Amino acid sequence: MDFAARYRRLGRLGFDDWQIVSEVTSAVSKMLREGRVRGCPNLEDAIVDVVVRALDDLGIDRYSIMRGYLQGTTEDVRRILRRIFPNVEQIIRPPPHVVHAQPRVVSRGSEVPIYVVPLNYGYGGGGKGRPRRRRRGRAIAGFIIGLVLLLMVIGAAWFLRHPPQTQQTSTQPSPAVTYTQSTIDPAWVSQFISIVNQYRQSSGAPPLQYCQWLSNFAYVRFGTMIQNPAISHYGFNQDFSKYLSQYRSFLITGEEGLYPSGYTPSEYVQNLQSQAPLHWKGLMNSNYTYYGYYIGHWLDYVIVGSCPVTEIPGPNINVPQYFQSYGCSVELKNTTWLVIELSNWCSGLVTFPVSVINEGLSPQYYVYLPIQYNLPTSDKYVELGVDLSSTSPVRLFVFTPDQFNYFKSLYRQEVWSFTGPAYYYGGESTTFNTVIMLSTAQLTSGGYYLVISNVLPSAQYAYIVGNVTITYTPATPNIPAPGTPVITGSQT
């Protein structure tokens with residue numbers, strides 16, 4: 001209910017997927033413990049039912065939640081979470097180290113590197129790749145299509161001269177599409193994205209906004225993919241590592257390789273919905289809020305005749321072999337490529353998760369979390385956000401490596417009264433909601449250690465939950481802009 005109240009106050013844009021999963025994880029863990037103590041029958045089914053109804057009441061689409069920290073949770077909790085969020089993908093992070101404070105002997109295990117968020121350039125529920133277009137039908141079919149288009153143009157013109165007097169209440173995009181050319185150019189793309197955004201609005205997703213560096217990246221990607229058009233999304237990982245690897249901690253990217261020649265924007269939207277649902281789901285993905293694109297001309301594989309499959313379901317798939325496995329014929333043909341890059345960020349402030357803490361801490365133990373990043377920013381300081389709650393009082397510290405080594409060397413009696421030296425001492429409390437300024441130079445070199453200590457003379461078992469985040473302003477990615485041709489041949 002606490003989460004429900006915050007969600008109603010902040011709305012969907014106030015919560016990332018991982019934060020929703022974290023809140024549900026805490027609730028599920030508590031329900032399991034209390035339910036077992038009370039002997040509740042059919043406990044897991046009951047928990048799933050309660051949580052699903054709560055999420056439905058909040059209007060949260062459980063099937064669109066795809067990112068969450070599952071490492072460190074018990075198998076029964078993970079089993080329940082996967083029933084609640086069928087499409088969730090685990091984000092790997094190292095668990096905080098729980099260490100027993102002993103006289104002179106404290107665990108000194110090897111350092112665990114800070115987590116890196118895996119590249120997600122899929123499309124919704126795991127579908128990836130590119131849609132393949134079919135050849136045009138017979139002359140009679142072309143005549144019918146031309147007639148329908150003519151009627152649409154006439155209808156659109158009538159609509160513009162006779163606008164409706166009452167407000168349209170339909171949640172679907174307006175059928176009055178004024179751009180009827182099939183030449184793929186910036187105006188075509190602008191109209192196409194406008195229609196896509198109408199559908200996104202009807203599903204509650206934020207509109208896609210244009211981002212220049214994403215267009216630069218689309219230019220780079222086109223130059224890479226045409227080197228081997230037989231492999232879907234050829235070379236994505238290498239290009240991402242070259243230009244965007246420093247942004248892995250928070251950046252979510254998606255890529256769509258489309259082939260819209262001969263279609264108007266509205267026709268191609270309908271084509272994607274019917275022939276390439278995985279790609280359409282990618283364009284509807286609410287994680288993406290920015291787009292960039294590049295239009296180029298080069299060879300690609302085109303289906304000849306009919307085929308039971310019309311899109312490639314993943315990256316790094318051999319395109320001709322895939323279609324041939326379904327009994328389809330393909331041929332290399334000059335065509336127009338529309339490469340669209342999608343992301344959750346373009347410029348400005350970002351907040352990304354360092355860790356989700358969900359730990360039980362016995363008396364005379366402390367938990368520590370290494371924090372070390374090489375962030376792409378010119379800022380001298382970043383904000384470490386610590387939002388924690390505990391069932392009994394604990395102490396909060398941020399140490400440099402030297403300070404942490406000194407802390408580890410103390411006797412238990414010395415730790416009982418220890419308050420420094422420390423980079424930051426947050427006092428003794430059951431609730432911490434604070435922002436700590438960290439030096440980016442120190443983050444790059446030795447980093448810091450966040451320590452939650454339950455080493456007190458009168459310590460009790462403490463169950464600690466919360467989030468640790470970093471907020472800063474990244475520099476804009478430095479990616480070559482279109483200019484010098486990346487290939488020998490015709491392109492825009």
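This note goes through the fold, the disulfides and a few local sites of a predicted model.

1. **Basis.** The model is predicted: local features need pLDDT of at least 70, side-chain atom pairs count only at pLDDT 80 or more, and totals for chains, interfaces and linings use all residues. Residues are numbered from 1 along each chain as its sequence is written, and side-chain values use heavy atoms, with hydrogens and water left out.

2. **Overall make-up.** The protein has 14 helices and 13 strands. These are DSSP runs, numbered from the N terminus: helices are H or I with at least four residues, strands are E with at least two. Of the 492 residues, 51% are buried. Buried means under 20% relative accessible area, exposed over 50%, and partly exposed in between, with a 1.4 Å probe and protein chains only.

3. **Contacts and surface.** Take contacts with a separation of 6 or more: 80% of them join residues 24 or more positions apart. A contact means heavy atoms within 4.5 Å.

4. **Disulfide count.** A disulfide is a pair of cysteine sulfur atoms within 2.5 Å. By this rule there are two disulfides. Counting bonded cysteines along the chain, the pattern is 1-4, 2-3.

5. **Cys211 and Cys346.** The sulfur atoms of this disulfide are 2.2 Å apart. The torsion about the S-S bond is about 85 degrees, so the disulfide is right-handed. Both Cys211 and Cys346 are buried.

6. **Cys307 and Cys328.** Here the sulfur atoms of the disulfide are 2.0 Å apart. This pair also links distant parts of the chain, 21 residues apart. Cys307 is in the loop between strand S6 (290-304) and helix H11 (319-324); Cys328 is in the loop between H11 and S7. With 80 degrees about the S-S bond, the link is right-handed. Cys307 and Cys328 are both buried.

7. **Cys40.** Its relative accessibility is 37%, so Cys40 counts as partly exposed.

8. **Glu311.** This residue lies in the loop between S6 and H11. Glu311 is buried because its relative accessible area is 9%. Its side chain makes a polar contact with the side chain of His279, at 2.5 Å. A polar contact is a pair of N or O atoms within 3.5 Å; within protein, one must be able to donate a hydrogen and the other to accept it, and residues adjacent in sequence count only if both atoms are side-chain atoms. Glu311 and His279 are 32 residues apart in sequence and 8.4 Å apart C-alpha to C-alpha. The Glu311 side chain also reaches the backbone nitrogen of Leu278, at 3.0 Å.

9. **Strand S9.** Six of the seven residues of S9 (residues 365-371) are buried, so the strand is largely enclosed by the rest of the structure. S9 pairs with strand S12 (residues 448-453) in the antiparallel sense over six bridges. Two strands pair if DSSP finds at least two bridges between them. Leu369 has Leu450 of S12 as its bridge partner.

10. **Helix H4.** The buried residues of H4 (residues 75-84) are Asp76, Val77, Arg78, Ile80, Leu81 and Ile84. They pack against helix H2 (17-38) and helix H3 (43-58).
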